[in-house]
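Work through the exercises below with the coordinates open. Each solution goes step by step.

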Amino acid sequence: MIALIRYMVTALLLSQRHLAPLLLFVGLLAVLTSSDSGPLAATYGSAAGAMLVCAVWSTMALIGLEDRTHRSVVVVTAGSHLRVLLGWVATALLWCLPLTAAGLFLPLLFGSHTFTAADAVLGVEAQLTCALTGVAIGVVCSRLLFRRQGYALVAALVLLLAAMLGRGVSPVGVLLGDLQNASDSADLLGSAGLLLAVAAGVLAGAVAIAQAVSLRRD
């Protein structure tokens with residue numbers, strides 16, 4: 001699995017398809033958190049929303065790097081469809097880790113805040129929740145399920161809006177609402193941890209759906 005992930009990371013970097021979501025993430029952070037001096041919980045809510053969009057884009061780009069023929073070669077080499085799918089998911093999540101660090105510290109440079117350990121934990125929880133949910137959306141909107149990229153884009157936009165605006169639809173909607181209304185990060189650590197676990201379950205469900213559909217098509 002390590003060799004498979006290394007191959008996918010290399011392919012993503014060489015394709016340079018990671019640059020557009022990276023620039024979007026940094027740009028959104030700069031716009032949403034510049035000159036901000038409010039509670040860090042709300043600020044990290046903005047960073048988490050940027051992470052969600054970037055995770056969806058990066059995951060769809062990663063899975064779409066190879067056409068069906070090349071993907072079949074990778075599946076044969078790796079040994080199974082599920083192994084390749086898990087490699088894509090692991091690679092996408094690894095790519096989100098440096099973005100999480102950027103989302104944690106860049107708002108401190110762009111704005112004026114008092115930083116505490118509770119803020120750091122909450123920021124990591126919030127961004128990882130959005131990363132897991134974003135990767136899940138990216139998986140179900142990838143070429144594994146949609147052969148026409150226009151349909152995949154529409155589906156991704158619909159799911160993104162539902163995840164962010166629908167408070168009871170996804171853990172992201174609940175989390176962003178809580179972050180905007182919070183004054184103390186320590187009060188949200190428990191509920192944010194629970195939402196992180198729910199997001200992991202959402203990703204597991206997305207992987208199961210993608211695996212079932214891709215096996216039936218192949």
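**After the helix**

Helix α1 is followed by Q16, whose phi is positive, near 65°. Helices here are DSSP runs of H or I with at least four residues, numbered from the N terminus. The model is predicted: local features need pLDDT of at least 70, side-chain atom pairs count only at pLDDT 80 or more, and totals for chains, interfaces and linings use all residues. Residues are numbered from 1 along each chain as its sequence is written, and side-chain values use heavy atoms, leaving out hydrogens and water.

**Exercise 1.** Compare the span of α1 with the expected one.

Step 1. α1 covers residues 2-15, which is 14 residues.
Step 2. The expected span is 1.5 Å times one less than the number of residues; for α1 this gives 20 Å.
Step 3. From first C-alpha to last, α1 reaches 20 Å, close to that expectation.

**Exercise 2.** Sort residues of α1 into buried and exposed.

Step 1. Apply the cut-offs: buried is under 20% relative accessible area, exposed over 50%, partly exposed in between (1.4 Å probe, protein chains only).
Step 2. L4, I5, M8 and L12 are the buried ones. They lie on the same side of α1, because their arc around the axis is only 95°, taken from the directions from the helix axis to the C-beta atoms.
Step 3. I2, A3, R6 and L14 are exposed on the other side.
Step 4. The cover over the buried residues includes α3 (40-63), α4 (68-78) and α5 (81-110).

**Exercise 3.** Count the disulfides.

Step 1. A disulfide needs two cysteine sulfur atoms within 2.5 Å.
Step 2. The structure has 0. For C54, the nearest cysteine sulfur is that of C96, 6.5 Å away.
Step 3. C54 counts as buried because its relative accessibility is 0%.

Methods:
Helices (H or I, at least four residues) and strands (E, at least two) are DSSP runs, numbered from the N terminus. Contact means heavy atoms within 4.5 Å.
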